[in-house]
Amino acid sequence: MRLALRIEVGSEKGALEGVPVLLRLLDEHQVKASFFFSLGPDYTRYPFAHLIPTLIRQRLPVSYIGRRCRDNLLAVANAGHDIGLSSFTALDWQRDVAFRTAAWTHNEMARAVENFTGLFGREPRYYAARGWQVNPHLLTEEEGYGFEFASDVRGHHIFLPELQGALSRCPQIPTTLPTLDELLSQEEINQDNLHQYLYAACQRIMPNGEVFSLSAEREGGELLKVFERLLVMWKGGQWEIRSLSELFGRIGQAPLKRHRIGWGTVAGETRHLAMQSSAL
């Protein structure tokens with residue numbers, strides 16, 4: 001049984017505090033994962049930043065994650081983990097990217113790629129849309145940049161995407177499992193038994209294996225102990241814990257079916273998320 005780890009890093013706190021903790025834990029268990037970074041301005045220090053008009057917010061003093069947290073992000077690459085992009089401006093992407101124009105999406109991606117290349121000395125090969133928020137222009141950008149794969153949606157198996165008429169040859173590796181925070185929204189679940197519920201959700205056969213998404217801010221902080229218990233259970237249960245690139249490599253040259261991307265909700269999440277939908 002195979003499982004891949006998809007880790008979002010979307011704030012200065014996550015990069016400075018969560019990343020080192022996660023790197024130590026993954027090294028202790030000899031596990032490789034896929035990290036996806038937002039490299040632009042971090043507005044998390046401002047309460048209700050998502051309610052501040054963009055023109056006003058852009059005048060606020062902020063730190064840039066890729067600059068402020070350079071050493072910690074480089075440490076991820078040096079440890080041999082996958083490194084990819086999640087966005088440039090995390091707040092804007094997660095808030096309303098579904099309604100953004102092609103020009104805005106192109107500019108956001110160009111800034112993200114430029115900053116990534118300047119930081120790591122190589123172009124990004126992977127992308128994971130922050131918070132599973134997408135638009136059709138993203139698919140065009142992912143194919144244009146030649147990404148090897150993306151992980152933008154929730155779903156069941158690897159596929160080629162279509163969204164509102166936009167087709168892409170960049171494969172999607174969907175998140176298959178609920179997040180820990182989503183499970184915590186259920187009344188009977190708490191941090192003491194959370195790992196048991198997530199582990200139980202894995203007890204099924206998936207075409208390409210499971211994909212579990214976590215964040216440096218949560219699983220690298222308050223939920224670290226829960227994540228550590230899961231790693232112990234997975235390894236004790238003979239699970240192969242891999243990065244997304246390793247999981248993708250296991251399918252070889254097998255042909256991929258094309259599926260639509262739709263929108264849906266999951267328990268514990270109020271927003272609509274991008275979902276793998278019907279086959280074409």
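The structure is a predicted model, in which local features need pLDDT of at least 70 and side-chain atom pairs count only at pLDDT 80 or more, whereas totals for chains, interfaces and linings use all residues. Residues are numbered from 1 along each chain as its sequence is written, and side-chain values use heavy atoms, with hydrogens and water left out.

Side chains of opposite charge can pair when their charged atoms come close. A salt bridge is taken here as a side-chain nitrogen of Lys or Arg within 4 Å of a carboxyl oxygen of Asp or Glu, and by this rule the count comes to 17 salt bridges. Exposure is described by relative accessible area, where buried means under 20%, exposed over 50%, and partly exposed in between (1.4 Å probe, protein chains only). Helices (H or I, at least four residues) and strands (E, at least two) are DSSP runs, numbered from the N terminus.

Arg169 forms a salt bridge with Glu143, with 3.1 Å between the closest N and O atoms. This pair links distant parts of the chain, 26 residues apart, since Arg169 lies in the loop between strand S9 (166-167) and helix H8 (180-184), while Glu143 belongs to helix H7 (residues 136-144). Arg169 is exposed, at a relative accessible area of 64%, whereas Glu143 is partly exposed, at 29%.

A salt bridge also joins the side chains of Glu240 and Arg250, at 3.0 Å from N to O. Glu240 is found in strand S11 (residues 240-242) and Arg250 in the loop between helix H11 (244-249) and strand S12 (258-264), so the pair ties together parts that are 10 residues apart in sequence. Both count as partly exposed, Glu240 with a relative accessible area of 26% and Arg250 with 49%.

A nonpolar core is a set of buried Ala, Val, Leu, Ile, Met, Phe, Trp, Tyr and Cys residues joined through side-chain atoms within 4.5 Å. The largest such core has 67 residues, and Leu5, Phe227 and Trp234 have the most contacts inside it. Not counting residues up to four places away in sequence, Phe227 is in contact (heavy atoms within 4.5 Å) with residues including Leu5, Leu22, Phe212, Glu219 and Trp234.
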